[in-house]
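Could you have a look at it alongside my notes?

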Amino acid sequence: MDRFPALRLILRFGRLWSLFVAIAATGALAWLLVGSFGLAGYAAIPLGLPFFYFMAKSYVELIQIVVEMVH
C-alpha cells in the first residue's frame, strides 16, 4: 500500500471526494441547464446531486474492493 499513495488518498478521503465531485458536477449541470432553459434548469439540482454522489461513491467503493482483494 505504501507504493500507491493515490489509492491511500482515495480510501482516506473517498466520501469527501465524492461529495466534491457531486457538487461540482451538479453545478456544471445546473449552469448548462439554466443557460438553456432559464430558471427551470435549477430543478435539476435535487435530482443531480444524489445521482452524481452515487456515481462518485460507487467509484470509491470499487477501489476499496480492489484494494481489499489485492492487499
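1. A word on the basis. This is a predicted model, in which local features need pLDDT of at least 70 and side-chain atom pairs count only at pLDDT 80 or more, while totals for chains, interfaces and linings use all residues. Residues are numbered from 1 along each chain as its sequence is written, and side-chain values use heavy atoms, with hydrogens and water left out.

2. Helix H3 covers residues 45-70; helices here are DSSP runs of H or I with at least four residues, numbered from the N terminus. H3 has 26 residues and spans 38 Å from first C-alpha to last, close to the expected 38 Å, taken as 1.5 Å times one less than the number of residues.

3. The buried residues of H3 are Gly48, Ala56, Lys57, Val60, Ile63 and Val67 (buried is under 20% relative accessible area, exposed over 50%, partly exposed in between, with a 1.4 Å probe and protein chains only). They pack against H1 and H2.

4. Please look at Lys57, which is buried but has no salt bridge (a Lys or Arg side-chain nitrogen within 4 Å of an Asp or Glu carboxyl oxygen). The nearest side chain of opposite charge, Glu61, is 4.4 Å away. Leaving aside neighbours within four places in sequence, Lys57 is in contact with Arg15 and Ser18 (heavy atoms within 4.5 Å).

5. Phe13 sits in the loop between H1 (5-12) and H2. Phe13 counts as partly exposed because its relative accessibility is 40%.

Key:
Helix = DSSP H or I, 4+ residues; strand = E, 2+ residues; numbered from the N terminus. Lys, Arg positive; Asp, Glu negative; His and termini not counted.
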